[in-house]
Amino acid sequence: MKDRLGRDVTYLRLSVTELCNLRCRYCMPEAGVCRKRHADMMTQEELLTAVRAAASLGIRKVRITGGEPLVKRSLLPICRGVAATPGIEEVCLTTNGTLLPPLAAELRAAGVRRVNLSLDTLEAEKYAWITRRGVLSDALAGLEAALRAGFDQVKVNAVLIGGFNENEIENLANLTKDAPLDVRFIELMPMESGTLWGPAAFCSGDLVLERLPQLRPEPAGSGVARLYRLPGARGRVGLIRPVSSHFCAACSRIRLTADGRLKPCLHTPAEYPIRGLGEAGMARRMAAAILDKPPCHGVLSAGSVSAAGRSMNEIGG
Ligand code: SAM
Ligand code: SF4
């Protein structure tokens, strides 16, 4: 379905939980989220009804996210159900990877085609610091498992943070040299839970191009990243620049939170509750949300705070 500006909305980011085994400093408060009542969260059945409703409006791609989707007990049946929904052509997953090794093959068999794995540093102490509790070797084991499981594509997402990992741009990009994976650098978005960062933490995607002048542009893909390649590398390097060069004009996404609220834009407070509506009612509410998709997420800068009104783990980043 097209929104009022003619943007074709074909991509649903489906958050299956707000909970996470990590506490990344830019995403989640240290104490975690206030655990909502189980009864307030979307059930497996409701999630799949919502996906059917979305598919009836022209959604073709679903990315399962969270919180950390791998902490969700019913993740495999959810993935199977989404993949089997008529009209859904692609099921992808975003994960921190730490729980992936025993699950990767089953997720592939359940119909997940692509995996994005979040990894901001290759140094164990820094990984423990940024995630507040994670172990780097667990994430690296997850990455290996993803590569072994035969997904169509594996991407590593690294949030660029000044004073933290800008000295690792080259090392992270070098992951693309020998392995068939893309590394994407994402500009830090000023979410509420990340307000402690201050402007110095923001690094523009330009920094990657300055540090890696040998990068050569690649043809545009279907996603929001600008793509490049290191000479002779198997994979590509991507830049995702929601702050310095936002991609609102080409935005094709809507998001569904784990408590059943449709967000037409990540950075606006508007939310459309869909719980209890049934498939036809959900589709009507989703259509209203798509029509209400704002032209642009407004000012998002190192000195501002997103108007999202929730932390990233609650929205499904
Ligand atoms: N737990 C999974 C993970 O970490 O990949 C999925 C959910 S997480 C919210 C999805 C993505 O959002 C991750 O790649 C994470 O790095 C990114 N993210 C979270 N907070 C962010 C922020 N303030 N700015 C930019 N990216 C952010
Ligand atoms: Fe958890 Fe992902 Fe947020 Fe990190 S970025 S706290 S892994 S939801």
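This note sets out, in numbered points, the main features of a predicted model.

1. Basis. Because the model is predicted, local features need pLDDT of at least 70 and side-chain atom pairs count only at pLDDT 80 or more, while totals for chains, interfaces and linings use all residues. Residues are numbered from 1 along each chain as its sequence is written, chains are lettered from A and ligands numbered from 1 in the order in which they are written, and side-chain values use heavy atoms, with hydrogens and water left out.

2. The sheet. An open sheet of mixed pairing is formed by 12 strands, in the order β7-β8-β9-β6-β5-β4-β3-β2-β1-β10-β11-β12. Strands (E, at least two residues) and helices (H or I, at least four) are DSSP runs, numbered from the N terminus, and two strands pair if DSSP finds at least two bridges between them. The edges are held by β7 (216-217) and β12 (272-273); each has a single partner strand, so one side of each lacks a neighbour in the sheet.

3. Helices on the sheet. Helix α2 (residues 75-83) packs on the sheet and touches β1, β2 and β3 (90-95), its direction making about 170° with that of β2. Helix α5 (residues 136-148) lies across β4 (114-118) and β5, at about 150° to β5. Such angles run from 0 to 180 degrees between N-to-C directions, with axes fitted to C-alpha atoms, for helices over the stretch in contact.

4. Strand β1. Buried means under 20% relative accessible area, exposed over 50%, and partly exposed in between (1.4 Å probe, protein chains only). Tyr11, Arg13 and Ser15 point one way from β1, and Leu12 and Leu14 the other way. In a regular strand the side chains alternate between the two faces of the sheet.

5. Partners of β1. Strand β2 (residues 61-65) pairs with β1 in the parallel sense over 5 bridges, and Leu14 stands opposite Ile64 in β2. Strand β10 (residues 253-256) also runs parallel to β1, joined to it by 4 bridges; here Leu12 has Ile254 as its bridge partner.

6. The core. The largest nonpolar core has 92 residues, of which Leu14, Ile64, Val82, Leu107 and Phe185 touch the most other members. Its largest share, 7 residues, comes from helix α1 (residues 44-56). A nonpolar core is a set of buried Ala, Val, Leu, Ile, Met, Phe, Trp, Tyr and Cys residues joined through side-chain atoms within 4.5 Å. Beyond its neighbours within four places in sequence, Leu14 is in contact (heavy atoms within 4.5 Å) with residues including Leu47, Val51, Val82 and Leu256.

7. The aromatic pair. The count comes to 1 aromatic pair. The rings of Trp129 and Phe164 have centres 5.7 Å apart and planes at 35°, so the pair is tilted. Rings of Phe, Tyr and Trp (its six-membered ring) pair if their centres lie within 6.5 Å; planes under 30 degrees apart count as stacked, over 60 as edge-to-face and the rest as tilted. Trp129 is partly exposed at 39% relative accessible area, whereas Phe164 is buried at 8%.

8. Charges over the rings. Arg25 lies over the face of Trp129, at 4.0 Å from the ring centre, and the charged end of Lys126 sits over the ring of Phe164, 5.2 Å from its centre. The criterion is NZ of Lys or CZ of Arg within 6 Å of the ring centre and within 35 degrees of the ring normal.
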